[in-house]
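Here are some exercises to work through with the model open beside you. Try each task on your own before you read the solution.

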Amino acid sequence: MRYEGYGDPRAVMVFDSVSAAIRHTMLDTPEQRVAPGGRRAHLYERVLQGRGNLMLATRYDTVSGRLTALWSKEPTFGFGWIPARGTASAYEQAICAWWNSTPGRLLLLNRRAKKLTYPKWSVAHLTSLPVPRPASKGCAELTGAWNRYRHEPMLPLRNAENCIARQAIDEAAAFALGLDSGVVADWRRRLAAEPTITNARAHEERRDI
């Protein structure tokens with residue numbers, strides 16, 4: 001693929017980054033135009049067939065990152081994202097909320113690679129994690145939370161107690177798990193205080209130098 005491709009009828013819009021500087025909300029729009037070219041031009045049709053509305057992050061900055069999933073009205077793909085498909089749009093939106101909830105983040109962060117503040121996940125790992133069942137009441141709660149807060153900026157985990165979107169999807173996630181919302185709220189507060197989330201240890205080391 002090559003960037004831009006203006007005037008090329010084969011060009012598609014894709015998500016170019018997982019950066020917290022530009023990825024703020026669970027509903028988002030791809031911003032980069034790409035067109036087939038170079039040695040990978042023959043993969044174009046395969047790429048188009050793999051497009052999806054639900055995007056799962058394959059890497060995440062635990063200190064500044066905001067989102068580990070998003071949903072797009074336009075089927076696409078991305079750099080640092082993999083498309084996933086559900087049984088319906090409402091189910092994909094529920095999974096988007098689940099992936100960004102505290103239980104979803106805990107499942108993701110449970111299997112971090114060498115750098116704890118910048119985990120990367122394989123497709124096999126992402127597809128192995130449990131998610132709510134389609135058509136379940138918990139799934140409906142998550143879809144409702146996604147719809148209400150899809151335009152609300154998600155804050156980094158260290159600011160979780162000030163993030164109304166995260167608190168709302170956590171309540172829906174608690175319902176899906178059959179837990180009191182206070183239990184998941186306690187998980188959220190504990191996760192927000194974790195050193196690889198707050199980056200406190202790195203700041204302390206700089207002050208000692």
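**Exercise 1.** Find what share of the contacts between residues at least 6 apart in sequence join residues at least 24 apart.

*Solution.* Step two is the count, which gives 68% in the protein chain. Keep in mind that this is a predicted model, where local features need pLDDT of at least 70, side-chain atom pairs count only at pLDDT 80 or more, and totals for chains, interfaces and linings use all residues. Residues are numbered from 1 along each chain as its sequence is written, and side-chain values use heavy atoms, with hydrogens and water left out.

**Exercise 2.** State how many helices and strands the protein chain has, and how much of the chain is buried.

*Solution.* Helices (H or I, at least four residues) and strands (E, at least two) are DSSP runs numbered from the N terminus. The chain has 9 helices and 6 strands. Next, buried means under 20% relative accessible area, exposed means over 50%, and partly exposed is in between (1.4 Å probe, protein chains only). Of the 209 residues, 47% are buried.

**Exercise 3.** Describe the largest nonpolar core.

*Solution.* A nonpolar core is a set of buried Ala, Val, Leu, Ile, Met, Phe, Trp, Tyr and Cys residues joined through side-chain atoms within 4.5 Å. The largest one holds 41 residues, and Leu 56, Trp 81 and Trp 99 have the most contacts inside it. Elements giving two or more residues to this core include strand 4 (52-57), strand 5 (69-76) and helix 5 (137-149). Helix 2 provides the largest share, 7 residues. Now zoom in on Trp 99: beyond residues up to four places away in sequence, its partners include Leu 56, Thr 68, Leu 108 and Val 131. As background, nonpolar side chains in soluble globular proteins tend to be buried together.

**Exercise 4.** Work out how helix 6 is oriented against helix 2 and against helix 3.

*Solution.* Axes are lines fitted to C-alpha atoms, for helices over the stretch in contact, and angles run from 0 to 180 degrees between N-to-C directions. Angles under 35 degrees count as roughly parallel, over 145 as roughly antiparallel, 65 to 115 as roughly perpendicular and the rest as oblique.

- The axes of helix 2 (residues 89-100) and helix 6 (residues 164-177) come within 9 Å and cross at roughly 105°, so these helices are roughly perpendicular. Ala 97, Trp 98 and Asn 100 of helix 2 meet Arg 166, Ile 169, Ala 173 and Leu 177 of helix 6.
- Helix 3 packs on helix 6 at about 80°, with axes 8 Å apart, so this pair is roughly perpendicular too. Thr 102, Pro 103 and Arg 105 of helix 3 make the contact with Arg 166, Asp 170, Ala 173 and Leu 177 of helix 6.

**Exercise 5.** Decide whether Trp 121 and Ala 135, both in loops, are buried or exposed.

*Solution.* Start with Trp 121, in the loop between helix 3 and helix 4. Its relative accessibility is 5%, so Trp 121 is buried. Leaving aside neighbours within four places in sequence, Trp 121 contacts residues including Ala 57, Tyr 60 and Leu 126. The C-alpha atoms of Trp 121 and Tyr 60 are 8.9 Å apart, although 61 residues separate them along the chain.

Ala 135 lies in the loop between helix 4 (123-128) and helix 5. With a relative accessible area of 82%, Ala 135 is exposed. Ala 135 also has a positive phi of about 70°, although it is not a glycine.

Terms used. Contact means heavy atoms within 4.5 Å.
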